[in-house]
Amino acid sequence: MAVNTERVDIIVADRDVFAGDEAAMAKPDGPLAAVLLAAGIGSFALGLITTLAEASSGFRDRLVLNAGVGPLSGKTIWATVIFLVAWAVLAARLRNRDGLLRSATTIFVVLTVLGLLGTFPIFFQAFAPE
Amino acid sequence: MELSNRELWTLIHGMGLGALFLLAFAGGLAGFYSLRPEWLTTAGIRERIARLDVGTVVMAVVAWLTVITGTWVVYPWYRARPPEGATELEAYPRYFLLANEHLAGWHEFGMEWKEHVAWIAPYLATVVAFGAVYYGRRLAYEPAVRRLLIWVFVAAFAVAGIAGLFGALITKAAPSP
């Protein structure tokens, strides 16, 4: 019984030291907010480009960066470029900022839902010319 | 018994990379959910974080490779245009589906959704991997961040799941020659 008590004491002490160490390592949430916002922006861009390509054949033709892949090549490359550029810009601007996660999450959710809507066929096909 | 180049790449894309992402999800989810200081010892948190970092980064890389191989290797075969007057369309899945009234929906809805929505998965998986690596052991003491990453992780899985499901169903409706 005495052995068990001693063992519990050791674990609790170890955990307390670790918790104190980790508490001192608090990090600003700006970098996570940056990548979160960039993912929302990239998703929204993909949905917007997909819908615009359906509405305009001229725009769709300009998205053909590879003949085999067709317009999907431009849609995915441009959306990914927008995601990466947004991430780089936001990461530089928000690097040391904190307390942004709640608002960044709200914006991320809105943009991602709009992106999902824009990539949903029943939605974007509604914009196709008659 | 042999695989053609086309079958091999379809296998790498769907059964290799895509399935790996979906199967690894359960392990990642359990890792995030159980990352609580009140449940783990110091050594347990260190071990769990190391595994979570590697797992989420590998999943993000796999998600990118899945959409890249799907779009740039497999998709051109799917949308290849048959020669004028061709009546045997089995080698041209897009046209095979569109030529059959009861199969056309697999392209017009299924493939159209899959080919676009799949690209959202690597964006989301990148957020999760970055969050896990950036916070490291601190993640165990940030329940709000952990909950956020869990939900983004679930969204990445759901999006990849839609793409994977339609990929399998479309392959069944228009099998490769």
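Guide: Of the 130 residues of chain A, 36% count as buried, where buried means that 20 or more other C-beta atoms, placed from the backbone, lie within 10 Å of the residue's own, exposed means 12 or fewer, and partly exposed is in between. This is a predicted model, in which local features need pLDDT of at least 70 and side-chain atom pairs count only at pLDDT 80 or more, whereas totals for chains, interfaces and linings use all residues. Residues are numbered from 1 along each chain as its sequence is written, with chains lettered from A and ligands numbered from 1 in the order in which they are written.

Visitor: What does the secondary structure of chain A come to?

Guide: Chain A has six helices and zero strands, and helices (H or I, at least four residues) and strands (E, at least two) are DSSP runs numbered from the N terminus.

Visitor: At what angle do α2(A) and α4(A) pack?

Guide: Helix α2 of chain A (residues 30–55) and α4(A) (residues 71–94) pack at about 155 degrees with their axes 8 Å apart; axes are lines fitted to C-alpha atoms, for helices over the stretch in contact, and angles run from 0 to 180 degrees between N-to-C directions. That makes α2(A) roughly antiparallel to α4(A), on a scale where under 35 degrees is roughly parallel, over 145 roughly antiparallel, 65 to 115 roughly perpendicular and the rest oblique.

Visitor: How far apart are the axes of α1(B) and α6(B)?

Guide: They are 10 Å apart, and the packing angle is about 155 degrees, which makes α1(B) roughly antiparallel to α6(B). α1(B) also passes α6(B) in a left-handed crossing. Among the residues that make this contact are Gly14(B), Gly18(B) and Phe21(B) of α1(B), and Ala160(B), Gly161(B) and Gly164(B) of α6(B); two residues are in contact if their C-beta atoms, placed from the backbone, lie within 7 Å.

Visitor: Switching topic, how many residues of chain B are in contact with chain A?

Guide: In chain B, 30 residues are in contact with 33 residues of chain A. The largest share of chain B's side, nine residues, comes from α5(B). That side divides into 18 nonpolar, six polar and six charged residues, with Ala, Val, Leu, Ile, Met, Phe, Trp, Tyr, Cys and Pro counted as nonpolar, Asp, Glu, Lys and Arg as charged, and the others, Gly among them, as polar.

Visitor: Why does Ala125(B) count as buried?

Guide: Ala125(B), which lies in α5(B), counts as buried because it has 31 C-beta neighbours inside 10 Å. Leaving aside neighbours within four places in sequence, Ala125(B) is in contact with Met59(B), Ala60(B), Ala63(B) and Ala156(B).

Visitor: Which residues touch the most other members of the largest nonpolar core?

Guide: Of its 72 residues, they are Ala63(B), Ala121(B), Leu124(B), Val128(B), Ala156(B) and Val159(B), a nonpolar core being a set of buried Ala, Val, Leu, Ile, Met, Phe, Trp, Tyr and Cys residues joined through C-beta atoms within 7 Å. α2(A) gives the most to this core, with 14 residues.

Terms used:
Left-handed = near helix turned anticlockwise from the far one by under 90°.
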